[in-house]
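Subject: Structure for your review

Dear colleague,

Please find below the structure that I am handing over to you.

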Amino acid sequence: MFTESSASGSGLASTLVVPTRFVWPHGGRRVYLCGSFTRWQEMLAMSPVEGCSSVFQVICSLPAGYHQFKFVVDGEWRYDDQQPMMKDPLGDCNNFVLVKEPGIVSVSPTNEVVGPGATMEVDPVSSSHRVPPEVQHQPLQGDAIHGVGMAAIDTSRQRVTDFLLCHTAFELLPESGKVIVLDVSMPVKQAFHALYEQGIPVAPLWDSDRQRFVGMLTASDFIAILRQIGSSGAMLSEEEFDSHTIAAWKDEKAVLAGHAQSSFSSTQRPLIYVGPDDSLREVAMKLLQHQVATVPVLHFCPQEPMSPQILHLASLSGILKCFWRHFRHAPNTLPFLSQPICTLRIGTWIPGLGQTNSRTLAMLHASASLSDALGLLMQARVSAIPIVDENGSLLDIYARSDITALARDKAYARLPLDQLTIAQALQIAQSAGGTPVGGSRCHMCLRTDSLQIVLERLALPGIRRLVCVEAGSKRVEGIVSLSDVFHFFLL
């Protein structure tokens with residue numbers, strides 16, 4: 001397992017370093033990275049990605065060349081059989097990554113390669129290193145910056161639509177997995193803690209009395225609850241938070257929406273769901289039209305048509321991964337992939353930059369209150385807000401899913417939202433999730449990056465959006481989310 005294979009050992013030594021992302025997608029409580037680049041001695045802590053506690057990642061700045069590595073998961077040495085592997089001189093299997101500089105020809109390692117796979121992705125923007133412009137990203141086939149006509153863009157969009165029509169939600173189902181389901185009779189406080197402990201931002205709701213799925217409990221529900229607790233004349237006090245059931249909260253929510261004298265069972269909207277045979281286009285359209293992050297995939301047995309089985313929670317992230325597995329090796333079939341992201345009508349940008357949508361780019365300073373952040377998340381109907389310094393440079397990002405971190409040690413009861421700053425809330429979220437301050441929560445791109453580069457990053461586990469920054473200063477210029485991409489594809 002322990003070899004000295006590194007950039008210098010491969011004959012590709014370089015003084016330049018390239019930020020390289022390592023991902024462990026198979027869960028665990030504590031995950032570390034160790035490899036030839038740490039001389040097999042230092043273990044680098046990996047952090048769970050936002051909203052996906054089973055996927056861990058870390059970014060290391062490495063010189064060009066081959067590097068071997070392994071993961072230490074809960075004290076046990078592991079390798080990922082879905083990533084490139086090779087045997088060391090003792091016959092043990094290690095993963096390896098080839099970090100490239102532009103113009104360098106790939107050379108196979110001398111050890112026996114025992115598994116297929118692509119080389120590790122690299123991230124050209126890092127908060128701790130300024131990568132020289134000439135190596136900010138590897139040149140891609142067809143990565144010309146010259147424009148393509150509207151006809152070519154329309155052709156690309158049609159090919160995406162055709163692909164999504166030909167593939168079904170069944171292809172989104174993992175080989176193994178679990179879906180956490182909550183009963184509407186569960187107290188809201190217990191549900192809040194369950195989402196936090198499971199590391200998930202959303203869960204389907206089951207009504208035992210009616211024997212059917214009736215809705216979803218989301219991070220937005222908890223944002224609304226905590227804002228109500230903190231407001232004058234709150235409809236749900238902190239004591240009620242301990243005893244109120246999910247169904248009772250949904251009744252309160254219906255009253256807030258103007259449905260007086262209503263009940264959860266009588267006023268609820270029809271459950272939004274898809275079947276395993278529905279096309280990926282149909283799944284994506286439901287997610288976009290209803291402005292939700294996930295929809296359950298339900299299977300109705302003919303013998304029990306009123307009691308469906310829940311197979312999966314479908315999301316735009318899963319659809320993009322399925323789509324990108326098909327097109328990443330044939331980028332020339334989609335001419336718009338070579339276009340700089342700022343020239344396409346994708347994302348939200350500051351005035352004067354990009355082909356913006358109708359929304360205003362929302363940003364906040366770290367000194368603003370959490371109450372302001374939660375209000376802006378709900379009013380602007382966005383999933384995350386970039387947090388910037390006095391120069392507008394990116395510091396971090398606060399997402400709706402971070403709200404569940406307040407369940408830790410009942411922080412929501414001890415810290416009034418209007419007195420808690422965003423900086424303090426981020427520390428709570430990072431501490432709860434094991435992500436170090438200044439860690440890899442922010443995923444970035446440049447406005448000159450091609451759509452192909454943007455899609456490659458959004459297809460990585462746990463990444464739902466990219467913050468577009470100015471090279472060097474990291475001043476925020478825009479944000480591109482998964483929903484922005486699919487709006488461009490389909491609407």
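A residue is called buried when its relative accessible area is under 20%, exposed when it is over 50%, and partly exposed in between. By that scale E470, at 26% relative accessibility, counts as partly exposed. Please note that this is a predicted model, and that every value below was computed from it.

Overall composition

The protein chain contains 13 helices and 22 strands. Of its 491 residues, 50% are buried. Among contacts with a separation of 6 or more, 66% are between residues 24 or more positions apart. The protein chain exposes about 22500 Å², and carbon and sulfur atoms supply 51% of this area.

Salt bridges

Side chains of opposite charge can pair when their charged atoms come close. In this model the count comes to 3 salt bridges.

One of them joins E477 to R447, with the closest N and O atoms 2.6 Å apart. This pair links distant parts of the chain, 30 residues apart: E477 belongs to strand β22 (residues 476-481), while R447 sits in the loop between β20 (444-445) and α12 (451-458). The two partners may be compared by their accessibility. E477 is buried, because its relative accessible area of 6% falls under the 20% limit. R447 has 30% relative accessibility and counts as partly exposed.

Another salt bridge is formed by R475 and E470, whose closest N and O atoms are 2.6 Å apart. R475 has a relative accessible area of 37% and is therefore partly exposed, and E470 is likewise partly exposed, at 26%.

D449 and R457 also form a salt bridge, the closest N and O atoms being 3.4 Å apart. Here both D449 and R457 are buried.

Nonpolar cores

Which residues touch the most other members of the largest nonpolar core? In this core of 50 residues, they are I319, F323, F336, L451, L455, F486 and F489. At least two residues of the core come from each of α1 (150-166), α7 (280-289), β14 (294-301), α8 (316-327), α12, β21 (465-469) and α13 (482-490). The largest share, 7 residues, is supplied by α8.

F486 illustrates these contacts. Setting aside neighbours within four places in sequence, F486 is in contact with L164, A284, L288, L316, I319, L320 and L491. Apart from this core lies another one, of 44 residues, which includes V184, F192, I223 and L364.

L458 lies in helix α12 and is buried, because its relative accessible area is 0%. Not counting residues up to four places away in sequence, L458 touches L320, I463, R464, R465, L466, V480, L482 and V485. The C-alpha atoms of L458 and L482 are separated by 7.2 Å, although the two residues are 24 residues apart along the chain.

In helix α2 (residues 188-198), the buried residues are V188, A191, F192, H193, A194 and L195. As background, an α-helix has 3.6 residues a turn, so residues three or four places apart point the same way. After α2 comes G199, with a positive phi near 70°.

Strands and sheets

Strand β5 (residues 52-63) pairs with strand β1 (residues 17-24) in the antiparallel sense over 8 bridges, and P19 stands opposite S61 in β5. Strand β4 (residues 47-49) also pairs with β5 in the antiparallel sense, over 3 bridges; here S47 stands opposite Q57 in β5. The hairpin of β4 and β5 has 2 residues between the strands, and G51 takes a positive phi near 75° in this hairpin.

Elsewhere, 3 strands form an open sheet with mixed pairing, in the order β17-β18-β19. Its edge strands are β17 (364-365) and β19 (394-399), each of which pairs on one side only. Strand β18 (residues 384-388) pairs with β19 in the antiparallel sense over 5 bridges, and the bridge partner of I387 in β19 is D396.

Yours sincerely,

A colleague

Note on methods
Residues are numbered from 1 along each chain as its sequence is written. This is a predicted model: local features need pLDDT of at least 70, side-chain atom pairs count only at pLDDT 80 or more; totals for chains, interfaces and linings use all residues. Side-chain values use heavy atoms; hydrogens and water are left out. A salt bridge is a side-chain nitrogen of Lys or Arg within 4 Å of a carboxyl oxygen of Asp or Glu. Helices (H or I, at least four residues) and strands (E, at least two) are DSSP runs, numbered from the N terminus. Buried means under 20% relative accessible area, exposed over 50%, partly exposed in between (1.4 Å probe, protein chains only). Contact means heavy atoms within 4.5 Å. Two strands pair if DSSP finds at least two bridges between them. Accessible areas come from the Shrake-Rupley method with a 1.4 Å probe; for residues, only the protein chains shown count as cover. A nonpolar core is a set of buried Ala, Val, Leu, Ile, Met, Phe, Trp, Tyr and Cys residues joined through side-chain atoms within 4.5 Å.
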